[in-house]
Amino acid sequence: MSRLLLRRGIETLLVLLVMSFLIYALIGLMPGDPIDLMLSADPRFTTADAARLKALYGLDRPLLERYLRWLQRALAGDFGYSRLYGQPVFAVIWPRLLNTLLLMGASLLLALLIGIPAGILAALRPRGLLDTLVNLLAFAGFSVPSFWLSLMLIVLFAVTLGWLPAGGVASVGDGGFLDRLTYLVLPVAALTLLTAGTFLRFVRASMLEALEEDHIRTARAKGCGTARVVLLHALPNAMIPVVTVVALHFGSLLSGALVVETVFSYLGMGKLIYDAILGNDYNLALAALLLGTALTLLANLAADIVYLELDPRIHESL
Amino acid sequence: MRASETLASGRPAGLLRRFRRRPAAVASLCVLVAIGALCLAAPLVARLLGTDPEAIDLLGRFRPPSLAHPLGTDELGRDVLVRLLYGGRISLLVGLGGALVASAIGVVIGILAGWRGGLFDRLVMRVTDAVIALPLLPLLIVLAAVDLAKLGLPAELAGGAAASVLRIMVIVALFGWTTVARLTRAATLSIKNREFVLAARALGAPPRRILRAHILPNVAAPVVVATTLSVGNVILAESVLSFLGLGIQPPLASWGTMLTNAQELIFGAPALALWPGLLIFVTVLTFNLMGDGLQEALDPRQSRHR
């Protein structure tokens, strides 16, 4: 068990290392470069100055050499300064990360609260009316373009009805709990609707499988009622794969958060990444992307650990 | 595992019959054909309405729906319906093209991994695991923002509007091959030791022939399903990137780009945001429902469950 975990941990670190190099290389391929951006503000600089500065900062060195220097500093905790915000990158990132985790956490919780009961109900009578309806809604949930859903929520609740703010994090001059909550409602609703369908389908499939096990038939034969069979005998087994799916879903939740945050101008990681890429804020984009990737990989690792704990059969197969 | 179970799903006649028994899938197919036909007929519709899709009419902005403009006009006075149909051509082209390229890559990688096994197989599976686990959209955005000129491509090739179509197909294909690769690998693994393959080998058939005559036909079913399902995802990815300004570049338009401007105008002209998104939604939904129906038609043993 611990050997397996060690292996998975090392693998995760390796993937992160490879990703850091790939992201570093890709960021370097984005339009413009830091020195040109710096100098474009002042016409007195010549190309000779630019070349000198590039040499000074090592920007004329080969990619691998630049990457290794960046890695060395990054490992020491120095990710550089943000161009857009003029602060160390992680000073910019932390508050944004908290906002995003709040958005993602609330949406995840709501999506599970919708997806699990609906998935169980749908599984009770496959192909029944409820099942068909719930399935159709689930399909709608993962077919709808995230940004359009967000736009439509704005049209309905902010433009037409005027109940909720169209975007932002808090009103100017306010910032109390209730005020912040009103700004959270629409983004959370959008992200929840986008996620719930996937969970629902998984819970349903997993539940159907669990209900076919022999011990369920035994329980039924012994006169156990449906509610008892489903909730006590099938549900615990059915939940095991669902736990994994939730953890594996972290990456796509983060992708969804990026779009939702951008449309609602919600100041989270997703919008930060988007703004950093569009604003040529290389250091910030690099650090934020890496953090997002690292968190996703950690979530996957956590999924493995939980799975091992919950399903002892895995030990034998690995 | 799923893939191996689809093996027996043989004859096309039975397949058609089972597919027809899925009303949602059949309805989806009809809707898709209708949308596709309308988009193909975009120039015809434009001529019938007497409008030019590119013509800017600043005096006729934000017109309400009328006979000449069934869905009204946009912020530059262009006919919304005609723009939608032209945009649909790009969206569908990218969706189908991207999904096909991704599947082709996936099939090649999957068969090689399943057939040869060993180190290559393990490496491929690690990479697919990693790709599936990554936060895709942020990475897609970085890829879309990459300046191809820095890679040494000539500027006209790297920056053109037509290039943006190709580029986005390549980007989605880079991440989209994993599902097909896994399915193909699983199917290849399960077939490669079957008696008929062993017999073919014993008779001295070269690997190329075995792959073509025995493996590929048996892999086809799950691949078709996966490809159908991925068209929807590709369209979604394209529309998000285009919406964020990193996908299809003007003067070309897709449903995604049409929504970019609509966001700024949302208080004045909410209808502009409605139509392109609705079309993306319907198209993706129908592709997904159709893929689901195909899956069940190809795999009757599973369909008890669904």
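1. **A salt bridge between the chains.** Start with A:E11 and B:R126, whose side chains form a salt bridge at 2.4 Å, N to O. The term means a side-chain nitrogen of Lys or Arg within 4 Å of a carboxyl oxygen of Asp or Glu. By that rule, the interface of chain A and chain B has two salt bridges.

2. **What kind of model this is.** The model is predicted; local features need pLDDT of at least 70, side-chain atom pairs count only at pLDDT 80 or more, and totals for chains, interfaces and linings use all residues. Residues are numbered from 1 along each chain as its sequence is written, chains are lettered from A and ligands numbered from 1 in the order in which they are written, and side-chain values use heavy atoms, leaving out hydrogens and water.

3. Seven residue pairs, both at pLDDT 80 or more, are in polar contact across the interface of chain A and chain B. A polar contact is a pair of N or O atoms within 3.5 Å; within protein, one must be able to donate a hydrogen and the other to accept it, and residues adjacent in sequence count only if both atoms are side-chain atoms. On the side of chain A that touches chain B, the elements supplying at least two residues each include α1, α7 (146–160) and α13 (282–310) of chain A. That side divides into 33 nonpolar, 11 polar and seven charged residues.

4. **Extent of the chain interface.** In chain A, 51 residues contact 45 residues of chain B; contact means heavy atoms within 4.5 Å. About 4100 Å² is buried between the two chains, and carbon and sulfur atoms give 74% of it. Buried area is the accessible area (1.4 Å probe) that two parts lose on being put together, summed over both. A:L29, A:F147 and A:W148 supply 15% of what chain A buries against chain B, more than any other three residues.

5. **Two domains in chain A.** The domain assignment gives domain 1 (2–75) and domain 2 (97–315) of chain A. Their C-alpha centres lie 34 Å apart. Between them about 1600 Å² is buried, 82% of it from carbon and sulfur atoms. A:I23, A:I27 and A:M30 supply 29% of the area that domain 1 buries against domain 2, more than any other three residues.

6. How many salt bridges join domain 1 and domain 2 of chain A? The count is zero.

Key:
Domains from an automatic or database assignment. Helix = DSSP H or I, 4+ residues; strand = E, 2+ residues; numbered from the N terminus. Nonpolar A, V, L, I, M, F, W, Y, C, P; charged D, E, K, R; others polar.
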